[in-house]
Amino acid sequence: MITACKHTEYKYDDLTIHAEVTTWNGLKFYGKATCSPEDKYNKSFGERLARARAIDKMINYNCRELDRIDNIIHEN
């Protein structure tokens, strides 16, 4: 199970921002935000959105792990 985010790295590709969130136990989760051509590019907003999407994946991973552990406990 994951305790917390240790570090976030960003990569930029035209109108897309990629976030790589690393946890204290070394797991990595990825998120991206792409600016629509109709919108005005905002780097700060894109970074927050990409990071939030990566953290959402981290939370989903934690939920699956908790379900797995719960199933093991209740099998006995």
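A residue is called exposed when its relative accessible area is over 50%, buried when that value is under 20%, and partly exposed in between. With those words in hand, here are the legends for views of this predicted model.

Figure 1. Asp14 sits in the loop that joins strand S1 (5–13) to strand S2 (16–23). With a relative accessibility of 73%, Asp14 counts as exposed, because the cut-off for that class is over 50%. Take a look at its backbone too: phi of Asp14 is near 55°, a positive value in a residue other than glycine.

Figure 2. Leu15 lies in the loop between S1 and S2, and at 37% relative accessibility Leu15 is partly exposed. Which residues does Leu15 contact, leaving aside its neighbours within four places in sequence? They are Ala33, Thr34, Cys35 and Tyr41.

**Figure 3. Gly31 is a buried glycine in strand S3.** Gly31 belongs to strand S3 (residues 28–34), and its 7% relative accessibility places Gly31 among the buried residues. Not counting residues up to four places away in sequence, Gly31 touches Ile17, His18 and Ala19, and also Ala50, Arg53 and Ala54.

Figure 4. Is Cys35 buried or exposed? Cys35 is buried, at a relative accessible area of 17%, while Cys5 is partly exposed at 24%. The closest cysteine sulfur to that of Cys5 belongs to Cys63, and the gap of 14 Å is too far for a bond. A disulfide would need the two sulfur atoms within 2.5 Å, and by this rule the count comes to zero.

**Figure 5. Asn71 marks a position in helix H1.** Helix H1 covers residues 43–75 and includes Asn71. Asn71 is partly exposed, with a relative accessible area of 48%. Where is Lys28 in relation to Asn71? The two are 43 residues apart in sequence, and their C-alpha atoms are 25 Å apart in space.

**Figure 6. The whole chain puts the close-ups in context.** The chain holds one helix and three strands, in the order β-β-β-α from the N terminus on. Its radius of gyration is 16 Å, well over the 11 Å that the globule rule gives for 76 residues, so the chain is more spread out than a compact globule. Along its principal axes, the C-alpha trace spans about 55 × 25 × 15 Å. Of the 76 residues, 26% count as buried. Among contacts between residues at least 6 apart in sequence, 39% join residues at least 24 apart.

Figure 7. How many positive and negative side chains does the chain have? There are 12 positive and 12 negative ones, and the centres of the two sets lie 5 Å apart.

How values were computed:
Residues are numbered from 1 along each chain as its sequence is written. This is a predicted model: local features need pLDDT of at least 70, side-chain atom pairs count only at pLDDT 80 or more; totals for chains, interfaces and linings use all residues. Side-chain values use heavy atoms; hydrogens and water are left out. Helices (H or I, at least four residues) and strands (E, at least two) are DSSP runs, numbered from the N terminus. The radius of gyration is taken over C-alpha atoms; the globule rule is 2.2 Å times the number of residues to the power 0.38. Buried means under 20% relative accessible area, exposed over 50%, partly exposed in between (1.4 Å probe, protein chains only). Contact means heavy atoms within 4.5 Å. Lys and Arg count as positive and Asp and Glu as negative; His and the chain ends are not counted. The place of a charge is taken as NZ of Lys, CZ of Arg, CG of Asp or CD of Glu.
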